[in-house]
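Subject: Structure handover

Hello,

Here is the structure we spoke about. Please open it next to this message; my notes follow.

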Amino acid sequence: MKRRNDYKVAMAESVELEPLGGMDKLSETDSKKRNGINKFEPVLEAAAVLAGEQRKGGPVKVSVVGSGGPNNKPWRRERIGMTEPDSDDDAFLTGGDSSSRPVRDGVAVCSQKRALFVTAIVLGTLLATALVIAYAGPQTVCPCAGKIPPGYVPDGYNSSEPFQPIATNGQPFPWLLPTLPNNVKPNRYILTIHPNLTTLDVKGQVSIELYVEKETNFVVLHAQDLNITEKALVGPKGFALKILRMLEYTPRQQLYIETREKLRKKANYTLSIRWHSKMILDQFEGDFDLKKTLAATVLKPGSTRKAFPCFDEPHLRAAFKISLFRDRFHIGLSNSIVQDTDDVGFYMGTGLLRDDFAETPPLPPDSVSWVISDFKRELLEPSAKYQKVNSSSNGASGGGKLSASPNAVANGNGKSATSKVAKTDKKPFRHLTAVLLSKNLFKLTNNPPTKEPSQSSENNGTINAAESGTVSKSNGTVMQEQETVWNGDTALIRTAPAYSFYAPETHIAKGSFILHTSRDILEYLQQWLSVAYPLSKLDFVALPALLDDLSSSLGLIVCRTSFLNEPTAISSKEYHMSVVKISEGIVKQYFGGLISPKAWKHKWLWEGLIRYLSRFLLATIQPLWPMKELFLIDTLTKALDIDALQGWESISAGASDSGNNDPFYVDKSAALMSMLQSAIGERNFRQCLGKFLKTYQFQTAEPSDLWAIC
């Protein structure tokens, strides 16, 4: 092994000398610890020389390079004054104290200048980032902020790649378009619904009578969240066609049914489907704080497919014949009146009844409605100037006319005090609506009666407007008839529906306000338009849970129970706005029930007509109310101000394809109707709307159809 002195060892040390020169007082003990030989004598000599300068101030740094031998002298020596960073490094590495900077637990603390410099850099960076975000992001001042520009293509989307939807079973879904094909159209729905209010299950069957316009071997319709159990397709001669497969594409809620044989052109077929689903729970407080359950449909555009399989597009109107299963303690309501009520036996220990409703005129899918509950009922007959007509029932025993005393119904749960349902071949009326309206049942076709209405003054003091030229309202105001009926017929409309209000017993007393208000508005509206109301009844149902204050479908209007208020318990403005909402529901019976838009994108015209006419009619019926001023401030001025300042798109370009339009487009459409009436005059405007309704009654139309007539 080589001796250590044979190697050259390069050594460097940084020595911070003490001001007191402690290096001169090394004890012998310290020397012995070094084995009596000090290998760094030259270093010590140099340190002793420099100790005097340390006393004068400032640390010094000595770097020594030499051999490890005891008698060798360093071959290079230099004296360097230690700067402030060097002192910091020395203090940090040795854990000692720095003469110019405090330490914290052996770690050097940054100097004040450096700390200020770092802080300034951090704050400047944050400020610059905030400025970039503020000025480089989207500007809310721009009216187009947040809107997708026309023709925008998302990143990663390749339009050249073919769209291939996949059905729930993993097979390719053959129909690629979001809309239904036009080769098959529905003519009639025969719908049977059994909602179980105990288990919240819904079982149903629908038979759709189809008309084939083009030869095809498949049918596409809508269904959402429905468990389909059975299906069948029957041809014109009553033979069932072989169904090869049924596919469901859930993103578009489409159902594809393919047959082996082709459906012949200009032929009628019947598609039958059975399904079951779950109800959305809707409970309300009953007597003695008991929870009670009801079943009701409140349909919006595109939501009918959740209730039953159907062709859920607005231009596909069809007639509906509905049957509802219920127990003996509930009542059933729908768009039309009840024709028959049958006892169908027991189910789960409960006696069941089936209400068969009269067939409705062609309706859009989202206008179908039904309710099953144990609500109480309040009835209001039409005004005295309208003839009370007894009609015969097709389903009544013997086919003769039915008559019933007004006292025939004792309570509001659908039970009659004069009849009892029995399981026989005859089908007597048992439903509450049918019993009460059997005497005062008005014809579905509103033809003028053969007998003139009574001229005697009754409760509301209304007399024949055709002879006297005046219409006396229930509030005592008399309005002069300014113009004759548009169609040239001197005989005014002589028929009107009966008005019923259904609600829990705690709210039934609040129905009088809705019934009298709706009667005044509807009877004036049908005379103003010269178009009779097509049904024999108009029902109002108060539901505990409802998103909107009021939702209207032909023959049945549902409202929220919180909407029901006594006129004396609310302010004048709240009272006026409540009447406005009732008026909107009545106007929608015509513009939405009698005639509907061909596409949901055209819904803006119907919403604008409803908003404008509901206020215009009230301004005429109640001339002392500030209806014109409210329309000017809340609708007209607001729409025009937004349009002028922000430069929104035109109504036809900005309307939503789904029918959920921005309130601005509804207000602007109402303003457009007001301008149209001001331009052509009230008489021509009334004639225009009346002809529009008569031309497209129970059909669909477009805005261009109205412009062509006007």
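Buried means under 20% relative accessible area, exposed over 50%, and partly exposed in between, with a 1.4 Å probe and protein chains only. Helices (H or I, at least four residues) and strands (E, at least two) are DSSP runs numbered from the N terminus. Strand β7, residues 216-222, is mostly covered, with six of its seven residues buried.

The model is predicted, so local features need pLDDT of at least 70 and side-chain atom pairs pLDDT 80 or more, while totals for chains, interfaces and linings use all residues. Residues are numbered from 1 along each chain as its sequence is written, and side-chain values use heavy atoms, without hydrogens and water.

Overall
The protein has 14 helices and 29 strands. Of its 710 residues, 46% count as buried. Contact means heavy atoms within 4.5 Å. Among contacts between residues at least 6 apart in sequence, 72% join residues at least 24 apart.

Strand β7
Two strands pair if DSSP finds at least two bridges between them. β7 pairs with strand β11 (residues 254-263) in the antiparallel sense, over six bridges. Leu221 has Leu255 in β11 as its bridge partner.

Helix α9
Axes are lines fitted to C-alpha atoms, for helices over the stretch in contact; angles run from 0 to 180 degrees between N-to-C directions. Under 35 degrees counts as roughly parallel, over 145 as roughly antiparallel, 65 to 115 as roughly perpendicular, and the rest as oblique.

- α9 (residues 603-621) and α10 (residues 627-646): the axes come within 8 Å and cross at roughly 155°. The two are therefore roughly antiparallel. Arg611, Tyr612, Arg615, Leu618 and Ala619 of α9 meet Met627, Lys628, Phe631 and Thr635 of α10. These contact residues divide into five nonpolar, one polar and three charged.
- α9 and α13 (residues 682-695): the axes come within 14 Å and cross at roughly 130°. This pair is therefore oblique. Trp606, Leu609, Tyr612, Leu613 and Phe616 of α9 touch Glu682, Phe685, Leu689 and Phe692 of α13.

Val666
Val666 sits in helix α12, residues 663-680. Val666 counts as buried because its relative accessibility is 9%. Beyond its neighbours within four places in sequence, Val666 contacts Glu607, Gly608, Arg611 and Asn661. Val666 and Tyr612 are 54 residues apart in sequence and 9.8 Å apart in space, C-alpha to C-alpha.

Best wishes

Notes: Ala, Val, Leu, Ile, Met, Phe, Trp, Tyr, Cys and Pro count as nonpolar, Asp, Glu, Lys and Arg as charged, and the others, Gly among them, as polar.
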